[in-house]
Amino acid sequence: MSAPNCLVTNDWICGEYLRTRAEELTDATLQHVGITVVSVLIALVVAVPLALLVRARPRFAGPVLGLTTLLYTIPSLAMFSLLLPFFGLSAALVVTGLVLYALTILVRNTLAGLASVPAETREAARGMGYGSLRLLWQVELPLALPVLMAGIRMATVSTIALTTVGSVVGRGGLGNLIEDALPTFFKAQMLAASVLCVLLAVAADLLLLGLQRLLTPWARIRTAPGGE
């Protein structure tokens, strides 16, 4: 007698599910990655100018940091509901919500990174004739990059997790598969989608860590053993 089909017996681990639903899993994963990448990039484009504004005009620190922190405390379902009248049931709704959540992390880490640049380094650059813009691009941002990249890593992992909530409007990537599996308790689909979410988060974090090490070779310099 042949072994029962794992789809029929509704097993948690089912190779038949992976084989027959590979295209569906791939499409959901690509949507998940796309939403995450777009959200983090937009958040970064918004966060860096905000951080520069706060540094140049300290009186804006309270309102900017307070607003971004407040946005982060709003539950994701409530956030999407508040944005619904403006964006409807669209991918823009999910992306906008994710951007608002990522701003809290990215604005604070950008500020922390810029603050970590030694004052004497700035003064030395100014003494060499560096203007404000050149100082920012060639001195401050490169030195702030380790802290900034740490923020990007945190924001990316957080966004990957929050993207699943977009399933409420059908734009949740792997979250769509999880939500579809819940009513029938489709174990293989729930487990496969959940594991893929975790793997995406781990892969993204490792990829960004590798990029950080590539962009900041000076941070890897260590004193030779026995050296001073």
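**Helix H8 and its neighbours**

Author: The buried residues of H8 pack against helix H1 (15-20), helix H2 (22-56) and helix H9 (187-215). Before we go on, this is a predicted model, where local features need pLDDT of at least 70, side-chain atom pairs count only at pLDDT 80 or more, and totals for chains, interfaces and linings use all residues. Residues are numbered from 1 along each chain as its sequence is written, and side-chain values use heavy atoms, with hydrogens and water left out.

Reader: How do I read a helix label, and which residues of H8 are buried?

Author: Helices (H or I, at least four residues) and strands (E, at least two) are DSSP runs, numbered from the N terminus. Buried means under 20% relative accessible area, exposed over 50%, and partly exposed in between (1.4 Å probe, protein chains only). In H8, residues 174-181, the buried ones are Leu174, Gly175, Asn176, Leu177 and Ala181.

Reader: What is threonine 29 in contact with?

Author: Contact means heavy atoms within 4.5 Å. Threonine 29 lies in helix H2 and is buried, at 18% relative accessible area. Leaving aside neighbours within four places in sequence, threonine 29 touches Leu174, Leu196 and Leu200. Its side chain also reaches the backbone oxygen of leucine 25 at 2.8 Å.

Reader: And what is a nonpolar core? How many residues does the largest one have?

Author: A nonpolar core is a set of buried Ala, Val, Leu, Ile, Met, Phe, Trp, Tyr and Cys residues joined through side-chain atoms within 4.5 Å. The largest here has 32 residues, and those with the most contacts inside it are Met79, Val94, Leu100, Leu106, Val107, Leu111 and Ile152. Two or more residues come from each of H2, helix H3 (61-73), helix H4 (76-87), helix H5 (91-115) and H7. H5 gives the most, with 13 residues. A second, separate core of 18 residues includes Leu25, Leu177, Ala181 and Leu200.

Methods
A polar contact is a pair of N or O atoms within 3.5 Å; within protein, one must be able to donate a hydrogen and the other to accept it, and residues adjacent in sequence count only if both atoms are side-chain atoms.
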